[in-house]
Amino acid sequence: MPAPLPYEYKYLRSKKKFPHVWCPGCGIGIVMGSIIRAVDSLSWEKDNIVMVSGIGCTSRMPVYVDFNTIHTTHGRALAFGTGVKMANPSLNIMAVMGDGDALAIGGNHIIHAARRNINITAIIVNNDNYGMTGGQFSPVTPEGAKTATTPYGMIEPGFDVCNLMEGAGAPFVARGTVYHIVELDRILTRAFRKKGFSVVEVLAPCPTNFGRANRLGGPVEMMKLLKENTINISQAKAMKPEDAHGKIVRGVFVDKVSISYEERYDKLCEKAGNLAGASR
Amino acid sequence: MIVPWGETRLVQGNEAVALGAVAAGIEFFAGYPITPSTEIAELLAKYMPLLGTKWIQMEDEIASISALIGARLAGAKSMTATSGPGFSLMQEGLGYACMAEVPLVLVNVMRGGPSTGLPTQVAQGDIMQARWGTHGDHPVIALAPSNVRECFEMTIRAFNLSEQFRTPVILLPDEIIGHMRERITFPAEGDLYVEPKPVPDVPVEWYEHYHVTASNVSPMACIGSGYRFHVTGLTHDVHGFPTRKEKEVIGKMNRLKHKITRRLDELEDVRMHDVEENPVTIFAYGSVYRSALAAQAMLKKRKKKVGVFRPVTLWPFPDRTVKEELDSKEVILVPELNQGQLIHEVERMTSDSVRVVPLHRIDGYEITPEEIVNAVLEVM
């Protein structure tokens with residue numbers, strides 16, 4: 001008797017859609033696994049889950065998962081998702097995007113989704129560059145880094161994604177990596193549960209483009225960098241500032257009570273109805 | 001009651017569009033403020049919360065049309081309203097809706113361009129943008145109303161066609177039509193046909209999101225109904241998954257084309273006034289059609305007879321009817337509020353022996369009946 005398939009298969013379009021498009025050593029598949037485990041822990045029905053994405057390596061994810069899936073245009077995942085959520089607020093919606101997709105071409109949409117507090121979970125897989133088009137720089141490429149479009153090194157400062165999202169008003173903001181996978185599963189579960197706009201930045205390696213351009217080694221070496229260059233929030237608090245310098249902090253930075261856009265809209269409808277009734 | 005069924009009222013064109021959307025059962029509106037279309041968004045912001053339907057002002061026009069597509073995929077009949085510069089931004093989403101075959105209604109109240117142009121003044125400058133604005137070969141349906149009652153009825157027709165053809169439909173009132181007020185009598189409730197959202201009748205496991213049918217259109221399930229499917233702007237197979245297989249790519253592209261070109265009879269809508277018996281015809285649409293009818297009457301008093309031909313559906317262009325009705329004419333005068341757009345389609349469908357004469361006005365004002373009369377007298 002063949003061994004039963006791991007439960008993850010229940011959530012995959014496993015018959016025809018594999019092998020996937022991602023390169024060896026890419027972190028995106030690990031994020032997909034983490035999303036599936038988080039969804040499974042919440043016992044969400046597949047019929048009620050919507051995954052929207054934009055364009056790029058990360059945005060190819062919807063093909064592989066057996067949810068309701070929309071692969072949209074570049075940068076617009078959250079705008080499409082906003083329409084889906086408003087049309088049917090009972091659906092659980094996640095937007096998976098790369099760093100260029102979410103923060104450059106989609107920058108306008110993500111700050112307004114955060115401000116509006118629409119009940120969507122935005123997952124930004126940050127691999128420091130545009131992978132699908134061959135490794136050009138993105139708004140999070142570190143200063144000095146080499147990419148296909150920064151042959152002499154990156155001169156623009158990058159976004160701190162979590163600070164940006166906190167400033168824009170998101171009630172849940174977190175950062176994880178594809179190395180710290182148990183932690184990522186937990187962060188995603190919390191983000192999915194959150195009422196309102198939740199953002200999870202996931203640091204992931206791109207050995208094919210960013211790794212090669214900056215001589216960071218192969219997939220294993222790049223995983224080690226995620227392990228060595230990041231610390232969690234409690235470690236950061238316990239460390240002297242000079243020791244924590246240069247380290248990227250992981251963990252949940254914002255988790256506050258908020259009223260989602262859908263709840264506000266429902267109240268607006270009530271108010272409009274009452275006003276119309278009173279004026280009659 | 002928001003739509004004053006059966007009553008006679010003084011109504012603005014844009015207001016009639018908003019009321020038409022309510023009559024058609026709009027469930028989602030997303031838009032971004034732009035002159036001269038704002039009354040549509042403003043009125044729906046007032047009406048829709050009363051109906052418990054969803055209205056949102058997005059951060060830009062790209063987001064607006066993107067939200068529209070998402071909402072319709074989740075089952076809500078959707079519309080947006082904009083003008084030239086916003087219409088340019090919406091081309092990305094328009095192409096996606098064509099490719100993914102998502103019904104929606106896009107109202108473009110035309111103002112002077114290019115760029116910011118003449119924001120408060122009239123033009124018919126977006127005729128070719130409506131046809132070819134988004135990249136790649138794609139199907140297009142575009143309608144141009146000429147009065148306030150048509151703004152109401154044609155908005156409903158636009159919703160109906162978008163569901164019947166599973167494609168975006170563009171409504172192209174020019175600024176004059178959007179901002180003019182006329183006394184209109186609304187039809188009785190139930191007198192106008194409203195196309196229901198199609199529902200697939202196959203079991204979930206048999207469902208193909210792009211099932212091939214004789215009409216080239218298949219009923220679309222919505223997200224959350226138990227039919228799980230994938231939607232992409234990539235060229236896709238019948239299930240919606242990306243493909244590069246020659247047969248599937250050609251099949252998809254041809255089906256997109258044929259769903260319009262093989263059902264032209266359902267789309268064509270022209271008005272002809274004394275066209276058959278007169279060797280001179282004025283070819284006009286939108287607000288210019290009104291001036292053309294007035295010019296025809298003025299010329300009649302001077303014992304000069306001309307016909308008036310109006311395409312109501314601009315895209316697909318009424319090729320066959322133009323060929324049949326106008327190819328025998330001596331002169332066709334084509335007055336347009338642009339430097340010559342639809343005139344090229346008239347030229348394309350008529351022989352060299354027909355003189356196709358343009359009349360342009362591009363200063364943001366209407367083409368008057370007198371201007372048309374003078375132009376006709378010059379060519380007669």
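## The sheet of chain B

Let's start with an open sheet of seven strands in chain B, whose order is S3-S2-S4-S5-S9-S8-S15 with mixed pairing; two strands pair if DSSP finds at least two bridges between them. At the edges sit S3 and strand S15 (313–315) of chain B, each pairing on one side only. From one strand to the next, the twist averages 20°.

This is a predicted model, in which local features need pLDDT of at least 70 and side-chain atom pairs count only at pLDDT 80 or more, while totals for chains, interfaces and linings use all residues. Residues are numbered from 1 along each chain as its sequence is written, with chains lettered from A and ligands numbered from 1 in the order in which they are written. Helices (H or I, at least four residues) and strands (E, at least two) are DSSP runs, numbered from the N terminus.

Within the sheet, strands S4 (residues 78–82) and S5 (residues 104–108) of chain B pair in the parallel sense over four bridges. Here B:Met79 stands opposite B:Val105 in S5(B).

## Where the chains meet

Across the interface, 37 residues of chain B are in contact with 35 residues of chain A, contact being C-beta atoms, placed from the backbone, within 7 Å. On the side of chain B that touches chain A, H3(B) gives the largest share, nine residues.

Strand S2 (residues 68–71) of chain A also joins S11(B) in the parallel sense over three bridges. The bridge partner of A:Ile70 in that strand of chain B is B:Val231.

Notes: Two residues are in contact if their C-beta atoms, placed from the backbone, lie within 7 Å. Axes are lines fitted to C-alpha atoms, for helices over the stretch in contact, and angles run from 0 to 180 degrees between N-to-C directions.
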